[in-house]
Amino acid sequence: MIVRLETWWNVGVASFAEDNGYDEAQVPRELIGYVTASVTDIRALDEAEGWAYDGGLTRLQARDGRVHMGLSFRLEVDREAWAAVRGLDPRGSVRPDFAEHMARELIGLPSVCETDAVMTACYAAGQGPTVRTWTWQDRHPEARDAGPPIHFPAAPGRAHRKTNR
């Protein structure tokens, strides 16, 4: 089973640098390297003996103290193996779970989850493209009204909104 996962990120330079001990000038390079290296270490993908191929970097920009980047991945896994790892019926709807789980795991990576990162993911899982955005508040549901201002990524086909506050 193959899924193409496209992600667009908006991460505060100071937030990532402070949480991970980097100099702010290193953040764009370190953030890209961390996410692309970590995708193959996602536990469920590893257990199902799947693989993630780097689909490329698009539009890296560091402006207004924020890193804006687009990363895409070609994800491959055996359908039955994924269903077994995730406890799903292999005859059921496995592809949407695969794509959604991988996107959710990316935004929940340890060096990302405590930052003010916002990620929009786009993937096709059988019934047209799905677009979903995760924020700090999604990663911390117990603190729904707290956290940093949300800076939405500029994803193709969407108007860019700088913040929700």
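This is a predicted model: local features need pLDDT of at least 70, side-chain atom pairs count only at pLDDT 80 or more; totals for chains, interfaces and linings use all residues.
Residues are numbered from 1 along each chain as its sequence is written, and side-chain values use heavy atoms, with hydrogens and water left out.

Start by selecting residues 27-38, which is helix H2 (helices are DSSP runs of H or I with at least four residues, strands runs of E with at least two, numbered from the N terminus). Now color Val 27, Pro 28, Leu 31, Ile 32, Tyr 34, Val 35 and Ser 38, the buried ones in H2 (buried means under 20% relative accessible area, with a 1.4 Å probe and protein chains only). Look down the axis of H2: these buried residues fall within an arc of 165 degrees, so they line one face (the arc uses directions from the helix axis to the C-beta atoms).

What covers that face? Among the covering elements are strand S1 (2-12), helix H1 (13-20) and helix H5 (95-107).

Val 13, Phe 16 and Ala 17 of H1 make the contact with Val 27, Glu 30 and Leu 31 of H2 (contact means heavy atoms within 4.5 Å).

Last stop: Gly 50, in the loop between helix H3 (43-47) and S2. Is Gly 50 buried or exposed? Gly 50 is buried, with a relative accessible area of 13%. Show Leu 45, Glu 76 and Val 77 too, which Gly 50 contacts once neighbours within four places in sequence are left aside.

Note on methods:
The expected span of a helix is 1.5 Å times one less than its number of residues. Buried means under 20% relative accessible area, exposed over 50%, partly exposed in between (1.4 Å probe, protein chains only).
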